[in-house]
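Dear colleague,

Here is the structure that I promised to hand over, with my notes on it below. Please read them with the model open beside you.

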Amino acid sequence: MIVTSAVRHAAAGSAALLFVLPVPAAIASPVAPAPGAVSSVGEPTPPARHYVDPARLDRRGTQVQRLPGAPEVPSVSALSWVVADASSGEVLAARNAHRKLPPASTLKALFALTALPRHAPSERHTVADSELTGIGAGSSLVGVKEGYTYKVSDLWNGVFLSSGNDAVHVLAEMNGGWESTTRQMQEKARSLGAVDTHVVSPDGYDAPGQVSSAYDLAVFGRTGLQDPAFARYCSTAYADFPAGSWSYGIANTNRLLTGADGVDRYPGLLGIKNGYTSNAGNTLISAARRGDRTLVVSVMNPQEGGGFAVYEEARSLLDWGFEAAGRVQPVGSLAPVRAKAAAADPGTRAVSVTRRGVGKQPAETVPRAGAEVVAAPARRSPEADPTGPSAGLPLALVGSACAAALALWGWRRRSAHRA
């Protein structure tokens with residue numbers, strides 16, 4: 001009888017406390033909505049991401065994932081090439097994308113990404129004789145003269161249109177010097193995830209150890225299109241270049257842009273950069289827009305068809321890319337790891353998949369473009385979570401209630417005996 005009465009008092013107190021306590025968030029188990037369902041806050045479930053094998057572009061040969069109805073990839077003779085969507089960065093198809101080859105003057109695209117933001121287009125500069133020393137024999141020149149004063153925009157026209165190594169040398173000196181610019185370009189390439197590129201001569205002139213890849217060149221082209229100044233210079237077909245009290249006309253050496261030398265202009269071409277050296281052969285980064293889609297194509301060293309084959313092979317790849325868009329699965333991405341990781345939830349840890357041969361450098365120092373990012377949720381104990389009540393709190397209160405009820409019962413019994 002005594003025990004029953006004590007238990008009854010404890011149960012009543014416990015029930016009262018449990019009735020007013022909220023259900024702790026730590027032990028709540030919400031049911032995940034079905035795919036495509038609308039959550040309780042009215043937001044649709046995000047669509048599933050396409051999985052892209054980060055190692056696929058490391059393989060030799062042509063890489064493409066055609067869906068039913070997609071056109072065949074054209075047969076071209078270039079040692080390496082890439083076709084990518086400039087907006088999303090998705091690589092639609094590629095061949096030997098990471099093969100390291102001499103880039104020739106397509107490396108000037110990386111030079112522009114590095115040095116172009118440093119000076120305003122209207123800034124004027126008088127050229128010193130020392131700024132024109134060290135230009136390689138046989139270099140393409142725009143005609144920069146010592147003692148002449150040029151606007152920065154004139155010098156950049158000389159870089160993009162005439163591929164002028166003399167203009168590159170002057171701008172590099174304005175940028176801190178030849179060696180400093182070389183280091184800056186290397187750092188810029190790494191920041192973009194372009195790990196195949198090794199810069200020795202910022203103008204693209206043949207130098208021992210200087211290499212890039214079709215993948216990296218496509219990265220440079222895509223990034224350049226996002227800079228209005230870069231996009232303006234690389235798409236300029238003709239300009240006047242000053243020569244003291246007069247000027248002369250210069251034409252862009254990209255035949256797909258000008259239609260020169262029997263090469264038909266490509267409709268919607270946005271330009272970018274071409275190159276040639278005896279060691280590199282012909283190289284080209286091209287971009288074109290058709291409707292609401294923009295593609296970027298890089299082509300390195302065609303083995304057939306003569307000096308203008310690089311333009312015709314780029315044309316074939318652009319045509320294929322526009323026709324195949326939406327009918328192929330991407331085989332890679334031009335987007336750097338850092339850009340993807342930065343968009344992840346702050347409570348996640350980014351783990352990059354490293355490419356064979358690159359080494360074990362962390363993604364924070366050498367972000368790998370196109371690699372998948374796996375988000376691993378950080379572990380947090382419920383006790384350390386300040387956002388909700390602890391699961392142990394209700395139990396402690398129930399115990400306290402029981403103890404209080406027993407104490408009350410004991411006091412009442414003692415009072416009854418005294419009476």
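**Aromatic rings and the core**

Trp156 and Phe160 are both buried, where buried means under 20% relative accessible area, exposed over 50%, and partly exposed in between, with a 1.4 Å probe and protein chains only. Please bear in mind that this is a predicted model, in which local features need pLDDT of at least 70 and side-chain atom pairs count only at pLDDT 80 or more, while totals for chains, interfaces and linings use all residues. Residues are numbered from 1 along each chain as its sequence is written, and side-chain values use heavy atoms, with hydrogens and water left out.

The two residues lie in helix α3, 4 residues apart, or about one turn of the helix; helices (H or I, at least four residues) and strands (E, at least two) are DSSP runs numbered from the N terminus. Rings of Phe, Tyr and Trp (its six-membered ring) are taken as a pair if their centres lie within 6.5 Å, and the pair is stacked if the planes are under 30 degrees apart, edge-to-face if over 60, and tilted otherwise. By this rule there are 9 aromatic pairs. Trp156 and Phe160 make a tilted one, with 6.2 Å from centre to centre and 45° between the planes. Phe308 and Tyr311 are also a tilted pair, because their ring centres are 6.3 Å apart and their planes stand at 50°. Of these two residues, Phe308 counts as partly exposed at 35% relative accessibility, whereas Tyr311 is buried with a relative accessible area of 3%. Ring pairs also link Phe111, Trp156, Phe160, Phe230 and Tyr233 into a cluster.

A nonpolar core is here a set of buried Ala, Val, Leu, Ile, Met, Phe, Trp, Tyr and Cys residues joined through side-chain atoms within 4.5 Å. The largest such core has 60 residues, and those with the most contacts inside it are Val144, Trp156, Phe160, Phe220 and Phe230. A second, separate core of 28 residues includes Val76, Leu284, Tyr311 and Leu317. Returning to Phe160, and leaving aside its neighbours within four places in sequence, the residues in contact with Phe160 (heavy atoms within 4.5 Å) are Ala112, Leu116, Phe230, Tyr233, Cys234, Asn252, Ile272 and Lys273.

**Backbone points worth a look**

Ile272, one of those partners of Phe160, is found in strand β8 and has a positive phi of about 130° although it is not a glycine. Ile272 counts as buried, at 1% relative accessibility. Ser163, likewise not a glycine, has a positive phi of about 55°; Ser163 sits in the loop between α3 (152-160) and α4 (165-174) and counts as buried at 6% relative accessibility.

**The largest pocket**

A pocket is defined on a 1 Å grid over the protein atoms alone, as an open set of points where a 1.4 Å probe fits, with protein on both sides within 12 Å along at least five of seven lines, and its lining residues have an atom within 4 Å of a point. The largest pocket holds about 350 Å³ of space, the volume being the space filled by probe spheres set on the points. Its lining has 25 residues, of which Ser105, Ser140, Gly275, Tyr276 and Thr277 are the closest to the centre. The elements that give two or more residues to this lining are β8 (269-277), β9 (281-290) and α9 (309-324), and β8 supplies the largest share, with 5 residues. The lining divides into 6 nonpolar, 15 polar and 4 charged residues, with Ala, Val, Leu, Ile, Met, Phe, Trp, Tyr, Cys and Pro taken as nonpolar, Asp, Glu, Lys and Arg as charged, and the others, Gly among them, as polar.

**Links across the sequence**

Thr106 lies in the loop between β3 (90-95) and α2 (108-115) and is buried, with a relative accessible area of 0%. Beyond its neighbours within four places in sequence, Thr106 is in contact with Leu217, Lys273, Asn274, Gly275, Thr283, Leu284 and Ile285. Tyr215, in helix α6 (residues 214-225), is buried at 0% relative accessible area, and its C-alpha atom is separated by 6.2 Å from that of Val82, 133 residues apart along the chain.

With kind regards
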